Amino acid sequence: MKEFDIFEAEALAELASAADTPALEDWKARRLGKKGPLSEALKRLKDLPEAERREAGVRANALKERLARAFEARSHALAERAIATQLEGEWLDLSAPVVPARAGHLHPLTVVARELEDIFIGMGFSILDGPLVEDDWHNFEALNIPPGHPARDMQDTFFTTAGAVLRTHTSSVQIRTLEKYPPPLRGVAPGRVFRCEELDASHEHTFYQIEGLVVDRDISVAHMLYFLKTMLAAALHRDVEVRLRHSYFPFVEPGFELDLRCSACTGKGCSVCKQSGWIETLGCGLVHPKVFKACKLDADEWSGFAFGLGLSRLVMNRYGIDDIRHFMSGDLRFVRQLGG
Ligand code: FA5
């Protein structure tokens, strides 16, 4: 009987210090399990004399029941505590200040390029493409700029060691298009171009152009002007002030340069427009007969216009950006300012 008392005291003390489910299960197996001392004691009751057996049996069963109840109570208490701890951890402070998530957005060059593509698609144009690393034929020769021609110096060129050219303008796509698709055709080719230039607020070594090409019968400068004005007004979301100057490009005749009123200074003169109030925005003209011939097309049958727009400069004009070098600077403050 005394052993029962000691066993109970020890078992209860041990139960009180069991702090988790594995400890509880272990306690149950040792104290109440079939091979535990209590079960063994119950098995041995039959060996006791009749008078003692009854009392010992009653006490042992009562003890077993008390320990089972204590086990249930302890299990319950531990489960409650686990839930309380979990709830404590999951507590949400609805009054805490919110740190807003910063959503990404398209780069302004992508935004304007896509808008321009949509404008042209709406006017029946296809979107054209060509390689950034070009051969001499597509970047120069087929565009009526043969080797040794002084016009090669108009664009300072990066050459690869293998003699290939980093395209200096998207006009190379004109040749690839005329070689591949039979006219009549209308297409625009947005893309990156490279020039080994002195850098300043409006000159980068890597910038973006959009080339346009329309070939059909009886195309005139009037058609060209209509398309260019429609495009610029739609791209800049405002009425545009432009000026057209005669200019020389070997692959068009006649050739022009179109300037936009500078939006950084509204024409007063600043570093972007080199104090002139105008931004040189695109070159254009009627496709030169020699270009048609280089692409094995009949120059008497076909006529067309082409233009090469400085997309980076157009984006500057639209957003009032004062230095083209911001585009390649990798400065996130610049990109974020123009987002949304
Ligand atoms: C050309 O690249 C001709 N291929 C354009 C052309 C196409 C003329 C079809 C006729 C017919 P130009 O070198 O002027 O031309 O460049 C065209 C435009 O690119 C310029 O008006 C200007 O807006 C932009 N541009 C030229 N150089 C730079 C530069 N370093 N940085 C940023 N933009 C430039």
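How many of the 9 residues of helix α10 are buried? In this predicted model, the count is 7 of the 9, and helix α10, formed by residues 311–319, is therefore largely enclosed by the rest of the structure. The buried set runs through Leu-311, Ser-312, Arg-313, Leu-314, Val-315, Met-316 and Asn-317. Several elements contribute to the cover over these residues, including the helices α5 and α8 (221–236) and the strands β5 (206–216), β7 (252–261), β8 (278–287) and β9 (303–310). Just after α10 comes Gly-320, where phi is positive, at about 65 degrees.

With that helix in view, the overall layout can be described. The secondary structure of the protein consists of 11 helices and 9 strands. Its radius of gyration is 43 Å, whereas the globule rule gives 20 Å for 340 residues, so the protein is more spread out than a compact globule. The C-alpha trace spans about 130 × 45 × 40 Å along the principal axes. Two domains are assigned, with domain 1 covering residues 2–89 and domain 2 covering residues 108–336. A distance of 90 Å separates the C-alpha centres of domain 1 and domain 2.

Ala-103 belongs to the loop between α4 (50–89) and α5 (108–122). This alanine counts as exposed because its relative accessibility, 62%, is over the 50% cut-off. In sequence, Ala-103 and Gly-339 are 236 residues apart, yet in space their C-alpha atoms are 9.4 Å apart.

Contacts and surface can be viewed for the protein as a whole. Of the contacts between residues at least 6 apart in sequence, 68% join residues at least 24 apart. Buried residues account for 43% of the 340 residues. The accessible surface amounts to about 19000 Å², and carbon and sulfur atoms provide 55% of this area. As for charge, there are 42 positive and 49 negative side chains, with the centres of the two sets 6 Å apart.

Pro-184 sits in the loop between α7 (172–180) and β4 (185–194). Another cis bond links Glu-253 to Pro-254, where omega is about -5 degrees. Pro-254 is found in strand β7, and β7 is among the elements that cover the buried residues of α10.

Positive phi values also occur at residues other than glycine. Asn-144 has a phi of about 65 degrees although it is not a glycine, and this asparagine is located in the loop between α6 (136–139) and β3 (165–166). Thr-266 likewise has a positive phi, near 45 degrees, and its place is in the loop between β7 and β8. Is each of these residues buried or exposed? Asn-144 is buried, because its relative accessible area of 16% is under the 20% cut-off. Thr-266, by contrast, counts as exposed, with a relative accessibility of 55%.

Technical notes:
Residues numbered from 1 in each chain as written. Predicted model: local features only at pLDDT ≥ 70, side-chain atom pairs only at ≥ 80, totals over all residues. Heavy atoms only, no water. Helix = DSSP H or I, 4+ residues; strand = E, 2+ residues; numbered from the N terminus. Rg over C-alpha atoms; globule rule 2.2 N^0.38 Å. Buried < 20%, exposed > 50% of the residue type's maximum accessible area, 1.4 Å probe, protein only. Contact = heavy atoms within 4.5 Å. Areas by Shrake-Rupley, 256 points an atom, 1.4 Å probe, with all protein chains shown as cover. Lys, Arg positive; Asp, Glu negative; His and termini not counted. Charge placed at Lys NZ, Arg CZ, Asp CG, Glu CD. Domains from an automatic or database assignment.
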